[in-house]
Amino acid sequence: MEARPENEIVFRTEDITKVYDTGEVKVYALAGVDLQLYSGELAVLLGPSGSGKSTLLNILGGLDRPTTGDVWFRESRLTGMNDRELTRFRRDHVGFVFQFYNLVPSLSARENVALVTDIARDPMPAEEALDLVGLGHRMDHFPAEMSGGEQQRVAIARAIAKRPEILLCDEPTGALDIRTGVTVLEALNRINEQFGTTTAVITHNAAIRKMAHRVVRFLDGKIKEVEVNESRIMPHEIQW
Ligand SMILES: Nc1ncnc2c1ncn2[C@@H]1O[C@H](COP(=O)(O)OP(=O)(O)OP(=O)(O)O)[C@@H](O)[C@H]1O
């Protein structure tokens, strides 16, 4: 896909701020952010620690609210929703992947994914989701029997099994070495290509930016720069 303005806008933030008032000082985690995410794109959000990336991702995913400004998901204004509506929005539309996989240790890979498919509206079978991330042969294994990269791929299978329109990933390779990190990025890339899932990936690792359609750079709670990658590289070509 081409991440161009003619693509449909999925998310739009309008001058959002997030201010933490700790008593003595005010921390502007976000200091006026206008961002659009386009349908089907894979966007990488880059920036130093503390620049506001996670805060923004949590707001897009309906886990948090901005202090001021508006956030739109298509025609719906997330900032006008109550907690119940936000929960429904998350459940129906968003898959999350975090740095630490949050799998249930006493459940197999298949059972971890099935936790989500049991409550989703139109889920894919857990087996299909695990196949998509290259773990079709490990379905009955427990988290402790898997590498970090494999566990993260189970977490990705769990996130995509409900067929979300949006996949929000916060440092998905942050705890992994290059070899296992690449398998995780390959899984994300495959899902983006195969299902057109709009995907945002936060990373500290600048090398990952090359697989994105667009790269959004953060600094001090603001977007410093947005770049469109004219040519992308595949995850297995990434070196870090
Ligand atoms: N609950 C909170 N209370 C006070 N300050 C907070 C809170 N959450 C985040 N912050 C501050 O907001 C700023 C942005 O944090 P955020 O986690 O969004 O940055 P980040 O770019 O994702 O960083 P990292 O890459 O380290 O995760 C930081 O200065 C952080 O200390």
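Me: UniProt positions are given here in the numbering used for this structure, and such annotations may be inferred rather than shown by experiment. Which residues does the annotation "domain: ABC transporter" cover?

Reply: The model is a predicted one. According to the unreviewed UniProt entry, the annotation "domain: ABC transporter" covers residues 11-238. Within that span, helix accounts for 29% and strand for 29%, and the end C-alpha atoms lie 28 Å apart.

Me: How many helices and strands are there in the protein?

Reply: The protein contains 6 helices and 10 strands. Its radius of gyration is 17 Å, close to the 18 Å that the globule rule gives for 240 residues, so the protein is as compact as a globular protein of that length. Along the principal axes, its C-alpha atoms fill a box of roughly 50 × 40 × 40 Å.

Me: What percentage of the 240 residues count as buried, and what share of the contacts with a separation of 6 or more comes from residues 24 or more positions apart?

Reply: Burial is read from neighbour counts: a residue is buried if 20 or more other C-beta atoms lie within 10 Å of its own. Of the 240 residues, 41% count as buried. As for contacts with a separation of 6 or more, 71% of them are between residues 24 or more positions apart.

Me: In what order do the 4 strands of the open sheet stand?

Reply: Strands of a sheet pair through backbone hydrogen bonds, in either a parallel or an antiparallel sense. Here the order is E2-E1-E4-E5, with antiparallel pairing. E2 and E5 (76-77) stand at the edges with a single partner strand each, so one side of each has no neighbour in the sheet.

Me: How many bridges join E1 to E2, and which residue of the hairpin takes a positive phi?

Reply: Strand E1 (residues 9-21) is joined to E2 by 10 bridges, and the two run antiparallel. Val-19 has Tyr-28 of E2 as its bridge partner, while Lys-18 stands opposite Leu-30 in E2. The hairpin has 4 residues between these strands, and Gly-23 takes a positive phi near 100 degrees there. E1 also pairs with E4 (residues 68-73), antiparallel over 5 bridges; Arg-12 stands opposite Trp-72 in E4.

Me: In which sense, parallel or antiparallel, do E6 and E7 pair?

Reply: E6 and E7 (residues 166-170) pair in the parallel sense, over 4 bridges. Phe-96 stands opposite Leu-168 in E7. Strand E6 (residues 94-97) has two faces: Gly-95 and Val-97 form the covered one, Val-94 and Phe-96 the uncovered one.

Me: Which residues come nearest to the ligand?

Reply: The ligand has 13 residues around it, of which Tyr-20, Ala-29, Ser-49, Ser-54 and Thr-55 come nearest. Strand E2 (26-38) and helix H1 (53-60) each supply at least two residues of this shell, and H1 gives the most, with 3. By class, the shell has 9 polar, 3 nonpolar and 1 charged residues.

Me: Where is the place of Met-146, and why does Met-146 count as partly exposed?

Reply: Met-146 lies in the loop between helix H4 (126-132) and helix H5 (148-160). Because Met-146 has 18 C-beta neighbours inside 10 Å, it counts as partly exposed. Apart from neighbours within four places in sequence, Met-146 is in contact with Arg-138, His-141 and Gln-151. Met-146 and Glu-230, 84 residues apart in sequence, are 37 Å apart from C-alpha to C-alpha.

Key
Residues numbered from 1 in each chain as written. Predicted model: local features only at pLDDT ≥ 70, side-chain atom pairs only at ≥ 80, totals over all residues. Near = placed C-beta within 6 Å. Nonpolar A, V, L, I, M, F, W, Y, C, P; charged D, E, K, R; others polar. Pairing = 2+ DSSP bridges. Buried ≥ 20, exposed ≤ 12 C-beta atoms within 10 Å, placed from the backbone. Contact = placed C-beta atoms within 7 Å. Rg over C-alpha atoms; globule rule 2.2 N^0.38 Å.
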